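Please read them with the structure open.

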Amino acid sequence: MKKLTFLCLSFLACITIASAQQNITPAKPGVTYGKAIDKKSAVSVKALESALQKNEVYTGKIEGEVVAVCKKKGCFLTLKRAGSADPIMVRFTDYAYFVPEDIVGKTIVVEGKAKVKETTVEWLQHYAEDQGKSKEEIAKIKNPKRDINIVADGVLVVK
């Protein structure tokens, strides 16, 4: 009986994960995910970087271009940084909402809390796997990374 219950729960989990991206509204200008927000008072990624050199935490709106998204279910995205190969990680408060894969390349505004934190090797590898990177690329991740992370309450597609 336990095996049958476990099998049923596993099957339901697989279906839920597989259909997660199908139920998300496509990314078009004006569409919001999570908390409804507007773009008033949004700062650029560059301004965010400057603010975090002076303060440990920034709370507010940030505007940037999406360069990657979690391919499994849209549970995180990354924002482009000028002059850096390392994008900024954006996760969503309590994983309460997800974003579609077609958000890549779009300009968005996120509202939430940004801070510099260290991400472990295990989490970096997990994120790389969720982005669809190869096993070889994942295996090359050997050191933790200290960088800007944002936990967003809401996302607005601007263009």
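1. Val66 has its bridge partner in strand 4: Leu79. The two elements involved, strand 3 and strand 4 (residues 76-79), pair in the antiparallel sense over three bridges. Two strands count as paired if DSSP finds at least two bridges between them. Strands (E, at least two residues) and helices (H or I, at least four) are DSSP runs, numbered from the N terminus.

2. This is a predicted model, in which local features need pLDDT of at least 70, side-chain atom pairs count only at pLDDT 80 or more, and totals for chains, interfaces and linings use all residues. Residues are numbered from 1 along each chain as its sequence is written, and side-chain values use heavy atoms, without hydrogens and water.

3. Look at the hairpin of strand 3 and strand 4. Six residues lie between the strands, and Gly74 takes a positive phi near 75°.

4. Strand 3 also pairs with strand 6 (residues 107-119), in the antiparallel sense over nine bridges. Gly64 stands opposite Ile108 there.

5. Strand 2 (residues 43-44) pairs with strand 3 (residues 57-69) in the parallel sense, over two bridges. Ser44 has Glu63 as its bridge partner. With helix 2 (residues 45-54), these strands make a right-handed β-α-β unit. Right-handed means that, with the strands pointing away from the viewer, the path from the first strand over the helix to the second runs clockwise.

6. Now confidence. Mean pLDDT (the predictor's confidence in each residue, from 0 to 100) is 84, and 86% of residues reach 70 or more. Over residues 11-21 pLDDT stays under 50. The model has nine contacts (heavy atoms within 4.5 Å) beyond four places in sequence for that stretch.
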